[in-house]
Amino acid sequence: MSKTSSIRYGTNTGPETQAILTRERPNWFQRSNLNRIGDMPISYFLVIAALITFAGVIGILPSSMLVGFAVTLAFGGLLMWIGNWVPVIRDYGLPTILCTFVPAILMFAGVLPVNISDVASTFLDGQGFLDFFVVAVIAGTVLGMPRALLVKAGPRFAIPLVGCLAVTFLVIGAVGALTGYGFIDGILFVAAPVMAGGLGLGAVPMSEMYAQHTGQESGFFMGDLISAVVVANIFCILFAGLLNGIGKARKQWFIGFNGEGELLRTKGTHAELKMPKKKTASTFNSLGKGLLIAGALFVLGTVLNYYLPFLHAYAWTVLAAAAVKLFGLLPEELEEASSEWGDLLTTYFVPALLVAVSMTYIDIAEVLQSLTNPAFLLLVLLCVIVAGLSSGIIGWLVRFNFIEIAITPGLVMADTGGSGDVSVLSASERMHLMPFAAITNRIGGTLVLFVTSLLVPLLAI
């Protein structure tokens with residue numbers, strides 16, 4: 001077997017050493033070898049993609065989890081590979097942007113077979129791939145995080161989160177008033193849905209609140225609210241890629257400008273607070289244990305959400321994982337297993353998730369319609385910029401690194417939630433910040449919804 005094989009067989013006979021997974025190449029969405037796609041020889045990958053496409057064209061793809069993996073991995077891998085061929089722009093998030101929007105554009109143009117998009121949508125929502133991915137990353141990152149980092153960064157994280165929301169609401173309201181859009185309308189139809197961290201705490205409940213207050217149907221408001229969220233998500237991905245590209249230049253514009261993936265800026269205890277170096281090998285058994293722990297934490301988060309529904313199950317999962325880590329409830333081997341399972345998902349399955357999100361959630365027609373209103377477009381763009389800058393500045397003042405804290409909570413507050421977090425963190429190459437993104441969206445989104453409920457009586461029709 002070659003040295004570059006992704007599976008290495010050990011000589012010991014114990015169950016932990018009979019088979020070891022190695023990650024000798026970087027993630028497949030990095031441009032380490034453009035002669036391979038998904039770490040496979042390009043000819044084999046293209047044959048697989050062609051087979052899947054043919055089956056989709058004639059409409060015989062079964063809507064199963066196995067085929068969902070095949071469809072999204074094939075299309076995601078191909079789009080990532082294409083994006084990595086383009087010089088310069090690839091460093092600013094082009095592969096992620098292609099995965100996020102090309103499938104939706106193909107659906108809009110009527111080119112993508114319906115069978116393929118149906119399989120991907122069922123895979124993401126009906127079969128729970130979004131939960132599968134996000135929870136693995138949450139569990140792996142929290143349990144693999146140094147305890148000192150969790151203790152020092154957690155409480156302090158609330159400062160840029162709340163500050164970012166307050167500044168963004170006030171600025172968008174003021175600019176809305178100056179442009180004739182309206183102070184309250186600017187907040188309720190742009191800032192609130194955009195900063196709610198997704199549709200679940202944004203457009204959907206807000207449309208119901210607005211309908212109840214005005215006597216209109218909720219669908220009357222839904223199009224504008226969803227358009228604000230989707231357009232903002234585009235800007236978030238672009239700015240995340242831009243920040244990543246600037247960071248790759250290795251230029252420190254000021255102290256604490258670029259943490260190169262590290263969230264907190266401290267003195268003295270750098271070694272304690274630095275994320276541990278990723279392992280280059282994992283056993284099959286270790287990955288299995290990591291899967292089980294991630295599933296158990298999500299079940300716990302779901303139970304807590306059932307009895308205490310003011311927080312989403314994702315947020316409870318983050319808090320449960322943090323409690324497990326803080327109180328040392330798991331031995332080191334199980335914490336490492338969770339971390340390795342999360343690494344597997346972020347190493348190979350990000351393109352699959354982006355493609356599934358594109359086919360399921362993004363409506364290009366609504367995006368194009370929103371682009372025809374200059375005032376609306378200006379407010380959405382400004383909302384993303386202000387969110388990122390205010391979070392970055394306020395966070396820097398309390399000793400976070402500017403780029404990292406501008407991404408989360410800043411840009412993460414303005415994206416589409418769980419799926420948007422993946423796109424933004426992928427474009428910025430900081431997927432390990434997912435736990436903070438989850439807390440941002442759920443706790444911050446709950447706060448936004450509460451403030452919105454107080455402002456609804458001021459809505460002018």
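**Notebook: a threonine, a helix and the confidence**

I began with side chains, and in this predicted model I found those of Thr408 and Thr440 joined by a polar contact of 3.4 Å.

Next I asked where Thr408 sits, and I found it in helix H17, which covers residues 402-413. Is Thr408 buried or exposed? I noted it as buried, because its relative accessibility is 0%, and under 20% counts as buried.

I then listed its contacts, skipping neighbours within four places in sequence: Thr408 touches Phe157, Leu263, Leu433, Phe436, Ala437 and Thr440.

I moved on to helix H16, residues 374-397. Its 24 residues reach 34 Å from first C-alpha to last, close to the expected 34 Å. At its start, I saw a side-chain oxygen of Asn373 come to within 3.2 Å of the backbone nitrogen of Ala375. After H16 comes Arg399, and I wrote down its positive phi, near 75°. I also checked burial along H16; the buried residues include Phe376, Leu379, Val380, Cys383 and Gly395.

Last, I looked at confidence. The chain has a mean pLDDT of 80, with 84% of its residues at 70 or more. A reminder to myself: where pLDDT is low, predicted coordinates should not be read in detail.

Key. Residues are numbered from 1 along each chain as its sequence is written. Side-chain values use heavy atoms; hydrogens and water are left out. Helices (H or I, at least four residues) and strands (E, at least two) are DSSP runs, numbered from the N terminus. Buried means under 20% relative accessible area, exposed over 50%, partly exposed in between (1.4 Å probe, protein chains only). A polar contact is a pair of N or O atoms within 3.5 Å; within protein, one must be able to donate a hydrogen and the other to accept it, and residues adjacent in sequence count only if both atoms are side-chain atoms. Contact means heavy atoms within 4.5 Å. pLDDT is the predictor's confidence in each residue, from 0 to 100. The expected span of a helix is 1.5 Å times one less than its number of residues.
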